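Here are my notes on this one, jotted down as I went through it. Have a look at the model first, then read on.

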Amino acid sequence: MELILIGFMGSGKTTVSRLLGEILNTPVTDLDVKIVRRAGMPIADIFAQNGEPYFRQLEHDTLADILKSDQGILATGGGTPMRPDNLAMLKDTPTPVVLLKASATETLRRIGGDSGRPLAQSLDEKGIADMQAQRQVNYNACADLTIKTDGLSPAAIAEEIISFLNLPVSAS
């Protein structure tokens with residue numbers, strides 16, 4: 001891996017990872033996409049049929065496999081660093097970990113009504129802020145760089161990451 005993106009749901013991990021993949025001409029892996037493929041069903045169905053503990057174990061196993069074998073950029077799920085063994089893997093990896101952080105107001109604007117996000121279904125702005133606060137310690141524990149994404153375009157975020165990591169940009 002060359003880069004790992006973490007952050008709360010709706011922070012821009014998927015969008016920014018795809019843009020960085022294009023700019024840097026490197027493969028992008030989305031942890032949630034890999035989990036869906038492995039389970040053979042959408043995340044909402046995994047939660048509904050098997051519960052969050054089952055999902056978190058699947059997430060852990062998938063993350064471990066990716067960190068061992070995949071190259072390029074990894075976009076994690078919002079709750080990935082909350083499990084202690086995932087947090088340890090993210091802290092211990094030599095790969096730079098970048099935290100994308102959006103305010104509760106911006107997060108609600110981005111994810112409001114998204115039926116594919118089981119944990120967001122019943123959250124209002126205060127619920128989002130509370131969940132973000134609960135996760136912040138773990139996010140901070142493994143982040144090498146934090147970018148506040150409110151008001152920034154995906155291109156500006158990508159530029160900041162490239163500058164921080166001093167990565168060569170592909171000529172293609």
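1. From the N terminus on, the order of elements is β-α-β-α-α-α-β-α-β-α-α-β-α. That comes to 8 helices and 5 strands, counting DSSP runs numbered from the N terminus (helices are H or I with at least four residues, strands are E with at least two).

2. On overall shape, the radius of gyration is 15 Å against the 16 Å that the globule rule gives for 172 residues, so the protein is as compact as a globular protein of that length. The radius is taken over C-alpha atoms, and the rule is 2.2 Å times the number of residues to the power 0.38. Along the principal axes, the C-alpha atoms fill a box of roughly 45 × 35 × 30 Å.

3. A word on the source: this is a predicted model, with local features needing pLDDT of at least 70 and side-chain atom pairs counting only at pLDDT 80 or more, while totals for chains, interfaces and linings use all residues. Residues are numbered from 1 along each chain as its sequence is written, and side-chain values use heavy atoms, with hydrogens and water left out.

4. Of contacts between residues at least 6 apart in sequence, 76% join residues at least 24 apart; contact means heavy atoms within 4.5 Å. Buried residues make up 46% of the 172 (under 20% relative accessible area, 1.4 Å probe, protein chains only).

5. Now the helix pair: T15, V16, L19, L20, I23 and L24 in α1 meet P154, A155, I157, A158, I161 and I162 in α8. By class, this contact has 11 nonpolar, 1 polar and no charged residues (Ala, Val, Leu, Ile, Met, Phe, Trp, Tyr, Cys and Pro count as nonpolar, Asp, Glu, Lys and Arg as charged, the others, Gly among them, as polar).

Definitions and conventions:
Buried < 20%, exposed > 50% of the residue type's maximum accessible area, 1.4 Å probe, protein only.
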